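Me: I've got a structure to go through. Can you help me read it, piece by piece?

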Amino acid sequence: MKILVTGATGYIGKRIIPLLIEQGHTVVCAVRGKLRTEKKYSDEQNVEVVEVDFLKKETLKNIPKDIDAAYYLIHSMSNSISSFQQMENDCAINFKQIIEQTNCKQVIYLSGITNDLKLSKHLLSRKNVENILASPTYGLTVFKAGIIVGSGSSSFEIIRDLVEKLPIMVAPKWLNTKTQPIAIRDVLAFLTRSLGDKRLYNTTHDIFGPEILNYKQLLLKFAKSRGLKRYIITVPIMTPKLSSYWLYFVTSTSYKLARTLVNSMGVEIIGHPSNINQMLDVNPINYDEAVQLAFEKIKQNSIISSWKDSYASSRIKKRISAKYINVPKHGCFKDIKERSVLNEERTFAKICAIGGENGWYYGTYLWKIRGFIDKLFGGIGLRRGRTNVNTIETGDALDFWRVLLADQENKRLLLFAEMKLPGEAWLEFRVAKGKVYQRAIFRPRGLAGRLYWYSVLPFHGFIFKGMINKLANA
């Protein structure tokens, strides 16, 4: 079959594409920026990448007419409430209109469980999207999931942050809210096994694990699986706003995503039973097994995708384009250095491993201070880390940077700053002809931008010098 996958660079999309390829299907990846996927799938004959923004109707013509099925995996978690619902509505309408003009016979949509009488605005929006996608020209298959447990999922990483950082937690009362977590492997099984199954056309099914647990139990069971002793005290006085700030400062999540999660965590996520497990021969594993599987992936450094790599967690609102890839030459402050290298391959390998747990090779404590200051001012800080310890791809989150280009062939890594800044900043590394080149570029915005550059200039002097020396001597 020829299958369109929207949200192809998102958490679910990046995991389902390899499965579909393995099953022999041809996959059309719909992305806002081709640079994020073209090189990754350049060796795959069964993959086609099309540049589509479902908020821009003029780009919809890039979707081929001869698709047989489509996955609708477009979700938004961290946009402002005022614009978010309208945006999801517009995306769904535009998607439906273009798909109705193709040969598509089935659309599979992954939504959230919406059985509680009092739903958050985000869950109500998911429900609205389901209604919009229903069509007489194709069969709509809807799966509704609650918390998804897997390496790199937002829920898993937030639970991990809380458990590993806080021996004693004073937490809001929503920790007593019940939910029914499901492992990522089971979600993917439902999504792939339903493909082309006419019994599931125009049907909706809740998918969930075998246990009903509250969030406090999720944290304590997680701690037990990691061999940690944790104590949790729930208090009734934490408002949603205070709860959001609590999650934001303790975990790697953004404030907007924290606010969205807090609003949804007050809603019970309990699925309605059906015969879908028997129909598709899926037997969901329990929460403990899901956590163990997630850590096996982490230990093997084989995390396929992370919520942090989505542009929902990014400062870049526009797609990766020449505007960012072509670093500006005029009206900028620059710190440019070069060194002869002992070994080009080793130097570039060390460049590609920079940040996260590996640190920044020189003055890492100063990078941490900068990250803490960024967090205080509402930025993302350093807590996003890396998706993988040694490998890096275009589009990845890297501490408070976004990877604009990871070009292994030409040994070039280009980062764009996503910390709070009075301007725009790039950090570029390139290895060629026995040398490593390092450029820090800052385009200031007004007087504040210029004052900022001169205030950090003394630190740049030895941080960047020390960093390139470490890289050159790899």
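What follows is a short chat about helices and cysteines.

Reply: Note that this is a predicted model, where local features need pLDDT of at least 70, side-chain atom pairs count only at pLDDT 80 or more, and totals for chains, interfaces and linings use all residues. Residues are numbered from 1 along each chain as its sequence is written, and side-chain values use heavy atoms, with hydrogens and water left out.

Me: How many residues of helix H1 are buried?

Reply: Seven of the 10 residues in H1 (residues 13-22) are buried. Buried means under 20% relative accessible area, with a 1.4 Å probe and protein chains only. Helices are DSSP runs of H or I, at least four residues; strands are E runs, at least two; both are numbered from the N terminus.

Me: Which ones are buried in H1?

Reply: They are Gly-13, Lys-14, Arg-15, Ile-16, Ile-17, Leu-20 and Ile-21.

Me: What do the buried residues of H1 pack against?

Reply: Their partners are strands E1 (2-5), E2 (26-31), E3 (47-51) and E4 (69-72), plus helix H5 (184-193). Contact means heavy atoms within 4.5 Å.

Me: What follows H1?

Reply: Gly-24 does, and its phi is positive, near 95°.

Me: New topic. How many disulfides are there?

Reply: The count is zero. A disulfide is a pair of cysteine sulfur atoms within 2.5 Å.

Me: Is Cys-104 buried or exposed?

Reply: Cys-104 is buried, with a relative accessible area of 4%. Cys-332 is buried too, at 18%.

Note on methods:
Buried means under 20% relative accessible area, exposed over 50%, partly exposed in between (1.4 Å probe, protein chains only).
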